[in-house]
Amino acid sequence: MLPADFAAPVRAIDAGKANIEKSGSGDLPVRRYWPAVMAKGGKLIDPLASLAPYYRWVQTSNYVASPPNPTFLPNYGYVVLAGPGGLVESTELALGFLLLGPETHYPSHQHPAVEIYVVAAGTAEWRKGDDPWRVEPVGSVIRHETMMPHATRTLAEPLLAIYIWQGDLKTNARIIAS
Ligand SMILES: [Fe+2]
């Protein structure tokens, strides 16, 4: 399912090295959609359930400092499963999942890392640059090359999408349009 340049580093993650000594922090408002997403089930969703107590829910710092719209932050958060600061430390890639609430607009943003998204729950609309919005159902694999502007807007259901970054893992995404 994953392109070969992403599949190999994902396979190399040693899940046995997950740091589950510390409990995660679960205080982001978007977590209110977690039970509904888990209830949908599915081959990408089910494996996420067992580690949930250890998740650390985070938001990109520059989004917190300057939210793109008033409803964004209560409906947005992500968890790093592997990568810098993740459950499994890695400098090779960053792998985690994004959770967006329903009716949420994640405006166009960009980052130097090359990115793959795999839609795990929730059909949403996705856009690259000025292309038309596309409806991407569960199982879709969406690729964003370096600095390619991209945006996501959810419909009536929350979205959970697995992301994988390679390349520059240190430079945050930046919003470039409202
Ligand atoms: Fe991205």
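Q: In which sense do strand E4 and strand E9 pair, and over how many bridges?

A: Strands of a sheet pair through backbone hydrogen bonds, and the pairing can be either parallel or antiparallel. In this predicted model, strand E4 (residues 105-110) and strand E9 (residues 150-154) pair in the antiparallel sense over 3 bridges, and Tyr106 stands opposite Thr152 in E9.

Q: How many bridges join E4 to strand E11, and which residue is the bridge partner of Gln110?

A: E4 is joined to strand E11 (residues 174-175) by 2 bridges, and the two run antiparallel. Gln110 has Arg174 in E11 as its bridge partner, while His109 is partnered there by Ile175.

Q: What is the order of the strands in the open sheet?

A: The open sheet has 5 strands in the order E7-E6-E9-E4-E11, with antiparallel pairing. Its edge strands are strand E7 (134-136) and E11, each of which pairs on one side only.

Q: What is the phi of Glu103, and where is Glu103 placed?

A: Most residues other than glycine have a negative phi. Phi of Glu103, however, is near 55°, a positive value, and Glu103 sits in the loop between strand E3 (94-100) and E4. Phi of Met147 is likewise positive, near 60°, and Met147 belongs to the loop between strand E8 (141-144) and E9.

Q: Why is Glu103 called partly exposed?

A: A residue is buried if 20 or more other C-beta atoms lie within 10 Å of its own, and exposed if 12 or fewer do. Glu103 has 13 such atoms within 10 Å, so Glu103 is partly exposed; Met147, with 14 within 10 Å, is partly exposed too.

Key. Residues are numbered from 1 along each chain as its sequence is written. This is a predicted model: local features need pLDDT of at least 70, side-chain atom pairs count only at pLDDT 80 or more; totals for chains, interfaces and linings use all residues. Two strands pair if DSSP finds at least two bridges between them. Helices (H or I, at least four residues) and strands (E, at least two) are DSSP runs, numbered from the N terminus.
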